[in-house]
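Reader: I would like to learn how to read some features of a structure, one at a time. Please begin with the terms and then show me the cases.

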Amino acid sequence: NKPSEDVFPDELVKFISHEKNPLFSGTGVDTWDEKIRERGYILKESDGYHMWYTGYREETKDEMKSLGYATSPDGIVWTRHPGNPIFTGGWVEDMMVIKHDSLYYMFAEGRNDIAHLLVSADKVNWTDHGSLRIKLTNGEPLTPGPYGTPTVYIEGDVWHLYYERNDLGIWHATSTDLKEWRNVQDEPVIEMGPEEYDRFGVALNQIIRHGDYYYGYYHGTPTEDWSDWNMNVAVSPDLNEWKKFSGNPILRENKSSGILIHDGAQYRLYTLHEQVQLHFPKK
């Protein structure tokens with residue numbers, strides 16, 4: 001049941017940049033969000049688009065990363081929330097948000113790239129539920145060190161978590177209670193390379209289901225100093241065995257932290273690192 005190349009339809013892998021990019025960026029002046037960085041996240045709901053992002057001051061960039069929120073009727077023109085930053089109880093960076101039943105679950109990096117969970121009923125007020133507890137397949141705790149860029153996909157009663165460790169690979173763990181996660185295997189499910197475009201680092205941003213397969217959108221780097229990142233996609237029949245698209249990268253020019261959103265008519269690809277840019281399917 002290994003997918004072939006024809007399971008990468010053009011609407012999932014071929015994009016052109018919106019002429020009005022960037023749509024959103026740091027203020028560039030002395031505010032808490034003078035700059036923005038890493039994976040922000042966007043959800044489309046019946047009332048429009050909702051975005052969460054990480055802001056920081058350049059001179060204090062190692063001290064705190066705070067959570068901002070913005071909304072848009074069309075996903076193009078964005079308005080910052082007047083109460084920003086909306087969470088000041090700790091470091092929030094590289095987040096993703098998933099709605100399940102009536103609650104919003106945010107999986108984010110905390111300080112030192114340790115993933116944690118925040119929960120909200122209204123998208124604005126968040127409660128931090130602490131660092132994720134991940135165990136190896138044998139039940140032993142995960143070895144010390146970072147586990148960041150948490151990405152979650154829900155299927156049935158099972159929550160699937162993907163995380164990176166120093167961007168050196170993408171691991172897969174599952175949970176049914178959100179209190180404890182267990183590795184599906186103790187080796188990465190998506191490894192760096194051997195191709196040039198992702199040979200020095202990988203991190204997963206999002207998983208979507210399209211047709212019979214799951215698609216993982218991830219960023220990779222061809223540079224040892226991580227000075228350049230690109231956007232890529234891999235496909236899976238089962239959420240654990242992944243095959244990279246032979247046409248990767250799907251976006252170059254230092255575009256990363258990309259997520260795909262269906263706007264009702266077509267998919268859009270947003271990239272959210274350092275500034276928010278929009279990419280429409282290539283017709």
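Author: Start with burial: a residue is buried under 20% relative accessible area, exposed over 50% and partly exposed in between, with a 1.4 Å probe and protein chains only. Y53 is buried, with a relative accessible area of 2%. F24, at 4% relative accessibility, also counts as buried. This is a predicted model, in which local features need pLDDT of at least 70 and side-chain atom pairs count only at pLDDT 80 or more, while totals for chains, interfaces and linings use all residues. Residues are numbered from 1 along each chain as its sequence is written, and side-chain values use heavy atoms, with hydrogens and water left out.

Reader: How many aromatic pairs are found in the whole structure?

Author: A pair of aromatic rings is described by the distance of the centres and the angle of the planes. Rings of Phe, Tyr and Trp (its six-membered ring) pair if their centres lie within 6.5 Å; planes under 30 degrees apart count as stacked, over 60 as edge-to-face and the rest as tilted. The search finds 14 aromatic pairs. One of them is F8 with F245, a tilted pair with 4.7 Å between centres and 35° between planes.

Reader: Which parts of the chain does the pair of F8 and F245 link?

Author: Helices (H or I, at least four residues) and strands (E, at least two) are DSSP runs, numbered from the N terminus. F8 is in the segment before α1 (10-13), and F245 is in the loop between β19 (243-244) and β20 (258-262), 237 residues apart. Both F8 and F245 are buried. F24 and Y53 make an edge-to-face pair, at 4.9 Å centre to centre with 65° between the planes. This pair also links distant parts of the chain, from F24 in β2 (residues 24-25) to Y53 in β4 (residues 48-56), 29 residues apart. Elsewhere, ring pairs link Y105, F107, W159 and W181 into a cluster.

Reader: Which lysine lies over the face of Y56?

Author: A charge sits over a ring if NZ of Lys or CZ of Arg is within 6 Å of the ring centre and within 35 degrees of the ring normal. K65 lies over the face of Y56, at 5.1 Å from the ring centre. K44 lies over the face of Y49, at 5.8 Å from the ring centre.

Reader: What is the order of the strands in the open sheet?

Author: Two strands pair if DSSP finds at least two bridges between them. The order is β7-β8-β9-β10, 4 strands with antiparallel pairing. The edge strands, β7 (93-100) and β10 (127-131), each pair on one side only. β7 is joined to β8 by 6 bridges, and K99 stands opposite Y104 in β8. These two strands form a hairpin with 2 residues between them, and D101 in the turn has a positive phi of about 55°. Another 6 bridges join β8 (residues 103-109) to β9 (residues 115-120), where L117 is the bridge partner of F107.

Reader: Why is β7 largely enclosed by the rest of the structure?

Author: β7 is largely enclosed because 6 of its 8 residues are buried.

Reader: Which residues have the most contacts inside the largest nonpolar core?

Author: A nonpolar core is a set of buried Ala, Val, Leu, Ile, Met, Phe, Trp, Tyr and Cys residues joined through side-chain atoms within 4.5 Å. The largest core has 54 residues, and those with the most contacts inside it are W52, M106, F107, W126, W181 and Y270. β8 gives the largest share of this core, 5 residues. Apart from it lies another core, of 18 residues, among them I208, Y217, I250 and Y267.

Reader: Which peptide bonds are cis?

Author: Most residues other than glycine have a negative phi, and most peptide bonds are trans. A cis peptide bond joins G193 and P194, with omega about 5°, and P194 lies in the loop between β15 and β16. A cis peptide bond also joins N248 and P249, with omega about -5°; P249 is in the loop between β19 and β20.

Reader: Where is N112, and is it buried or exposed?

Author: N112 is in the loop between β8 and β9. At 62% relative accessibility, N112 counts as exposed. N112 is not a glycine, yet has a positive phi of about 65°. W226 is another non-glycine residue with a positive phi, near 60°. W226 is found in the loop between β17 (213-220) and β18 (230-236), and counts as partly exposed at 34% relative accessibility.
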